[in-house]
Amino acid sequence: MVRTIRRGPQSAVRLFLVYAIAILVPVLVLGAVLAATYRSGASDRGLAQARAQAALFGRTSVEPRLDGVDLSRPLSTAQVADLDQMGESAVRVGDIVRFRIRTLSGRVIYSNDRTGSTETDEEAQEAAHGETVAEITHLNADEDGDGAIEKGIRVAEVYTPLTDGTSARPTGVLELYLPYDPIARDIAAGMRSLYRDLAIGLVALYLVLAGISWSITRALRRLAEHNGYLASYDQLTGLPNRRSFHDELEAGLARRERQGLPTTIAIVDLDRFQEVNDTLGHDNGDALLVEVGRRIRRVLAEPDHLARLGGDEFAIVFDAADAVAVDEQLLALTEAMTEPIDLAGIPVEVELTVGVARAPEDGTSAVTLLQRAGVATDVAKRGGLRVVHYEEAGDPYDPNRLSLIGDLRRAIRDDELELHYQPKIDLRTGAVAAVEALLRWQHPERGRLMPDEFLPVIEQTGMIDPLTDWVIETALAWVGQARTRHPQMRVAVNVSARNLGNADFASHVTDALARTGSDPGCLTIEITETALMADPARATASLMRLAKTGVLVSVDDFGQGQTSLSQLARLPVAEVKIDKAFVMHLDQSATDAAIVQSITDLAHRLGLEVVAEGVESQPILELLRDAGCEIAQGYHISRPMPAAVLARWLADHDVERFASAAPAPTGPSGRHRREDAGLAGD
């Protein structure tokens, strides 16, 4: 069953409301700050207006009536009467409440209501020096200190200088009381208009921001849905991916355990998928995966859960509790693939290999079930079977070995791994032609681990790729240093069938060459005949890419009879390594001697160099030289050594010893060779 991501509008609305509230807060704060600013400036604007009215009143009504008058002397009766008439008219129409004229010393010489003190006011002194001073107060506030006169209306009290009209020099001071309520009303009306405009602007700003927020919210929701889809679904087939499958499996295991029901999973692997990719191109390979996913889905019953784990692997969680019902579906699954699939006009027949695991008997966690279904798939592939159920008896990996997968990540990070190097001697010159890099793991709890104790389980997981990358890069770093003293030095690294099946393996190797600045010709990739036969198409594609860069390819353990002559001729192979089983008793078995001679002659006819491993004595070495073998490797020459020990060994190496027939001490027996398995094992 394909599960889709569905999100209702509630999540978008909630997110928008959060944004809307978040936007509203600063808008309200901005409005409050602006309103407070406008309010605080209202009195200033009122006083400014009062100062302007006072200056206008002085220039138009007072100064013309005092033209040329010496204010230091009392005003005449006619002048007082004229001022009274003008003041009465101004008070009657409401322009002013009161006005007084003061001398520059501050003495009142005229008041329209005959009030006023002869004392000098501070404000009057400032006006006498040319400043206009204004404040908002109440009428008679200055005379209300003893409560004799009732405080009057609110006014603007203004002190402004008077001039004689001929110069700007003050001749006196006008003390003017203006009714403030009309000014306040004008200001209030202006404030109301300002507040209205401010409110309209803030509302418009909020609506614009809210609109932007809604647009962003929708875009984010679509992006989140898309990212959620990408995180959980395979873009090619539209099926859930490995992550989604793992989560579904974990949830299903817990649910069905509570119900007392078993859970069955199957890993489905396409045979020869890489061959389709290489022959018909990746577009047709993708079309094949889509069609296979469609056919599997057609066979499954709801709510069986189908996912694509990656590459050409699919996985299924079966809802049926009956094992027989599951087997019937698996049979229907294999039959659904019998009809050829048309790719680029070519009918392609697809075969599936299926590994099955069942909870709780095969495991109770998603990780365990996936691993054991994978083991069953590998067993099916090796046996040429279609469907295989997991059996503990056929699983070479116990829990302790499975735990090494996690330990290996730490081992790479904490430098627990080490490479030892075993020299290879050129029998024509006695010089060291190359070394083979052999992996060692000093486990902090289990002690020294041999490769055959951890490589088989690692090869069943994705950890084999980073482990191989580490070995190749470490070996290249070593050979780069060794070439400063030994310019022709090469290093050989074993790789597994799983490495060759990885479409990116060649890229990993070329990346390591680039990072270390190494010459491709200094690296030899050793592959076993078994690895070649596991997936010949993928192996050939990877090796061809490497050979084009200059990396050498060697077929290890040659002679076991799995590689045909036609395959060997098509592969970009530079050398063959005779299986040690034919070398170790070469001096005792005429049959082994004949096999070694035949392999050597065959390799030479194909233009290949011959390497013999397992050389345990000088007589064997001489027989190999007589047979025409070029390179020898074994305990008789040297055991594998750490890099530091190898450096001293190379410095002391006796070329003549191996170039001649001089006798040499016999090395350790073949029973020790198990310790020298390389990355993919010897």
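I located Ile 216 in helix 4 (residues 180–232); helices (H or I, at least four residues) and strands (E, at least two) are DSSP runs numbered from the N terminus. The model is predicted, so I noted that local features need pLDDT of at least 70 and side-chain atom pairs pLDDT 80 or more, while totals for chains, interfaces and linings use all residues. Residues are numbered from 1 along each chain as its sequence is written, and side-chain values use heavy atoms, without hydrogens and water.

**Surface patch**

I found Ile 216 partly exposed, at 42% relative accessibility (buried is under 20% relative accessible area, exposed over 50%, partly exposed in between, with a 1.4 Å probe and protein chains only). Together with Val 208, Ile 212, Leu 220 and Leu 223, Ile 216 makes a nonpolar surface patch of about 410 Å². Patch residues have over 30% relative accessible area and no salt bridge; nonpolar side chains (Val, Leu, Ile, Met, Phe, Trp, Tyr) are joined within 5 Å, like charges within 9 Å. Areas come from the Shrake-Rupley method with a 1.4 Å probe, and for residues only the protein chains shown count as cover.

**Helix 2**

I then asked which residues of helix 2 are buried. They are Leu 83, Met 86, Gly 87 and Ala 90. They cover an arc of only 100° around the axis, which puts them on the same side of helix 2; the arc is that of the directions from the helix axis to the C-beta atoms. On the other side, Thr 77, Ala 78, Gln 85, Glu 88 and Arg 92 are exposed. Just after helix 2, I noted a positive phi of about 85° at Gly 94.

**Salt bridges**

I took a salt bridge as a side-chain nitrogen of Lys or Arg within 4 Å of a carboxyl oxygen of Asp or Glu. By this rule the count is 30.

Asp 269 is buried at 8%, whereas Lys 381 is partly exposed at 39%.

I also looked up Glu 609 and Arg 428, which meet at 3.2 Å, N to O. Glu 609 lies in strand 20 (residues 609–613) and Arg 428 in the loop between strand 13 (417–426) and strand 14 (432–443), so the pair ties together parts 181 residues apart in sequence.
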